[in-house]
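Reader: I have a structure open and would like to go through it step by step. Can you start with the terms and then get to the details?

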Amino acid sequence: MQQSFVVGAPSQSVQSIAFTSTPPSSAQIGGSYSVAASASSGLPVAFSADPSSAGVCTVSGSNMSFVGVGTCTVDANQAGNASYQPAPQAQQSFGVAAVPPSSQTIGFTSAPPPGAVVGGPTYTVAATASSGLPVSFGIAPASAGVCTISGSTVSPVSAGTCVIDADQAGNGSYLAAPQAQQSFDIATPSLSVQSIQFTSTPPAGAEVGDTYLVSATASSGLPVTFSADASSVGICSVSGSTVSLDGVGTCTVDADQAGDASYQAAPQAQQSFAVAPAALSSQTITFSSTPPASALPGDSYAIAASASSGLPVAFSAGPASAGVCTVSGSTVSVVGPGTCVVDADQPGNASYLPAPQTPQSFGVGAPASSVQSITFTSSPPVPAVVGGSYAVSATASSGLPVSFAASPGSAGVCTVSGSSVSFVGAGTCAVLADQAGNASYQPAPQAQQSFTVSPPAASSQTIKFTSTAPSGAVVGGPSYAISATASSGLPVSFSAAASSAGVCTVSGATVSLVGAGTCTVNANQSGNASYLPAPQAQQSFSVSTPGKSSQTITFTSTAPSGATVGGPSYAVSASASSGLPVSLSAAASSAGICTLSGSTVSFVGAGTCTINANQAGNASYNPAPQAQQSFAVAKAAQTITFTSAAPGGAVVGGPTYTVAATASSGLTVAFSIAPASAGVCTISGSTVSFVAGGTCTVNANQAGNAGYNPAPQAQQSFAVAKATQTITFTSAAPNKDKNDPPYTVTAVSSSGLAVTFSADPSSAGVCTVSGSTVSFIGRGDCTINANQAGNASYLPAAQVQQTFKVKNHTPAD
């Protein structure tokens, strides 16, 4: 027999959680806190960091660790059991702040070198920061050119004062250290004197054509160089230590030693000896060219002559031919009416005496006056300095002499005497060149050459402080009257170093103490016409402060939405709870994205723009924790516009075209030739060259950058016409008999393309042409046609002809 009944579960009781520990009131990164709470059930409570506190705090058991700035929220839970329902979650929240960075200082641990000299031993500089962070070194701007540094190695390079800057930029725990400086003087080393002594004996009875091996030593042991003295031109020449005897007279050999870092240049030594002639043969000159019968100005004549010795003949215009003709090599150029006399000379050599001079004369008629122009052939000195001079030169296209003068506007800057320009004052010197013309030439248009004349080099100067920096200076305490003098006697100006911002200010010579730290005062003298700027001098002292209040910063402007590169700027603003002014700057991570000038934010690149707000504190307030405001900046669009007009008459081989275009972004535009124009035109940089007829299309592209999207491609197209060409025969028409060997005809086209030859139909029965070979078959006029058919770049050339007589001297024919 069975009896059954139901046994029910008792109802679960409700429980709650209460925190029994008080959260910290000034939690900082790196700290910890033991959290405690109890459940009304008496069951154990479990703790965890709320997801909203990720990166701010962590929980292990009941121990909380602070890892970042923000709000830390602790969750307390009790899951219940058979008797108790789970308890409602309880939370406890509190703020976690950053640890304010500590200050640090720099101290040099190496002593500067005494007696440092240019080119002397290097100096290894060393310094430590009180933070233990590494110190970096640099050369102060005022010492540029005096010394250089690589890592910690200082090299002396010129005389002056070498100032070494020591810096430590700080990190999350330390503020940047005030810059420390170490100075020392670098002197110029003295140089030793040296002399030169010849160790070889000059030859006795030296004759033209001989050689002589010269030798000499310098007392310094440095190598000696040899050269022929200017007075020995045409008598002897020197190559290395070998002296070659070229003509009769006195040969003087110069010996030089230029010195080095230890020795001055040696005084030049000389060795002289006589060179006698060798037994020489006589020679004569005979002209082989006939002078022109009716020459006019502008004509030219190829003159020819030979010497009986076989040596080359030199030609020159006789003195009486000045203004009538000139000679260059074997080309006689006719420049004016009168009688042109060309002298033929052969100076002889080791075997032949100079030939008697032989002249050839011809008359030149007088045409109407020609136009002439002037071209300067000398470049002014760079730099031109007061007290210097310059030999100016210029030529007239007529060959007539040019005269020079200083322009009226150059009075007090330069003067001109003959071709010598003297610099008498600073300013712009303008030299005028004139040619008045003659019976054959009109006066030339005046030419002008201008350049700047600088004042002489200024002297150096130094600064020395004459007041003692205050000891025990405090924020808001008595101001300090600073004084210093310059060795030049010029007035010295004072300013607070950038590292002293918020510590002290300078007005005239009064230093006011506004914050704790190191006050560094800069002393400068900017120089004048007589003195270079002085190297900056600095005086530093400490300023202490009483206890200070804390302060916070709040942005009072709303960050823009939809900011774009180059778009409207944003006026940012923020205030400090202390009422002190807030300084604003773009975060380092925003470099290339946004810039800040005053309170105006400009957008220069795509990315996230972060603005830092800082308040450095004063005698009453500690520096405020930095506040930041971030927002996105998008890339901007850009377009391309051609700024150069396409050429209207482009021709193959003609003038190039400089293409230009701008992008609305201001970025550089790149040019290329469209594929369809390959073979029509080419481009190098922005220069377009025309190589074949057709349509030339230039592509303009801008690829964009961090701030701008790529621009749509722009194109510019224009027509390129084929170039014209001409043909010129380069072989002279012969005087031929029908039985003579064939004649090779030659001609060139101005395009450089190959020329083809054919016998004109009128020459049938007189001559035939095969390639460039002309064969003779009968008596009469032989006319040769020269043609060039053109190509993709050139039009066909106009046909030219060469005609000559073919005679028959054979009676049997």
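Author: Strands first: helices (H or I, at least four residues) and strands (E, at least two) are DSSP runs, numbered from the N terminus. This is a predicted model, where local features need pLDDT of at least 70, side-chain atom pairs count only at pLDDT 80 or more, and totals for chains, interfaces and linings use all residues. Residues are numbered from 1 along each chain as its sequence is written, and side-chain values use heavy atoms, with hydrogens and water left out.

Reader: OK, how many helices and strands are there in the protein chain?

Author: The protein chain has zero helices and 80 strands.

Reader: And what does the C-alpha trace span along its principal axes?

Author: The span is about 170 × 90 × 65 Å. The radius of gyration of the protein chain is 47 Å, while a compact globule of 813 residues would have one near 28 Å. That radius is taken over C-alpha atoms, and the globule rule is 2.2 Å times the number of residues to the power 0.38.

Reader: How much of the chain is buried?

Author: Of the 813 residues, 36% count as buried. Buried means under 20% relative accessible area, exposed over 50%, and partly exposed in between (1.4 Å probe, protein chains only).

Reader: What about the largest pocket, which residues lie nearest its centre?

Author: Pro-101, Leu-175, Ala-616, Pro-623 and Ala-624, out of 46 lining residues. The space in the largest pocket is about 1600 Å³. Its lining divides into 20 nonpolar, 25 polar and one charged. Ala, Val, Leu, Ile, Met, Phe, Trp, Tyr, Cys and Pro count as nonpolar, Asp, Glu, Lys and Arg as charged, and the others, Gly among them, as polar.

Reader: Now single residues. Is Thr-225 buried or exposed?

Author: Thr-225 counts as exposed because its relative accessible area is 51%. Thr-225 lies in strand 23 (residues 225-228).

Reader: What does Thr-225 touch?

Author: Not counting residues up to four places away in sequence, Thr-225 touches Asp-254, Ala-255 and Asp-256. Contact means heavy atoms within 4.5 Å. Thr-225 and Ala-255 are 30 residues apart in sequence, and 5.8 Å apart in space, C-alpha to C-alpha.

Reader: And where does Thr-746 lie?

Author: In the loop between strand 74 (743-744) and strand 75 (747-749). Thr-746 counts as partly exposed because its relative accessibility is 32%. Leaving out residues up to four places away in sequence, Thr-746 touches Phe-729, Thr-730, Ser-731 and Phe-757.

Reader: Last one: which residues does the cis peptide bond join?

Author: Val-382 and Pro-383, with omega about 0°. Pro-383 is in the loop between strand 36 (374-376) and strand 37 (384-385).

Conventions: On a 1 Å grid over the protein atoms alone, a cavity is a set of points where a 1.4 Å probe fits but cannot get out, and a pocket is an open set with protein on both sides within 12 Å along at least five of seven lines; lining residues have an atom within 4 Å of a point. Grid points are joined across faces, edges and corners, and a volume is the space filled by probe spheres set on the points.
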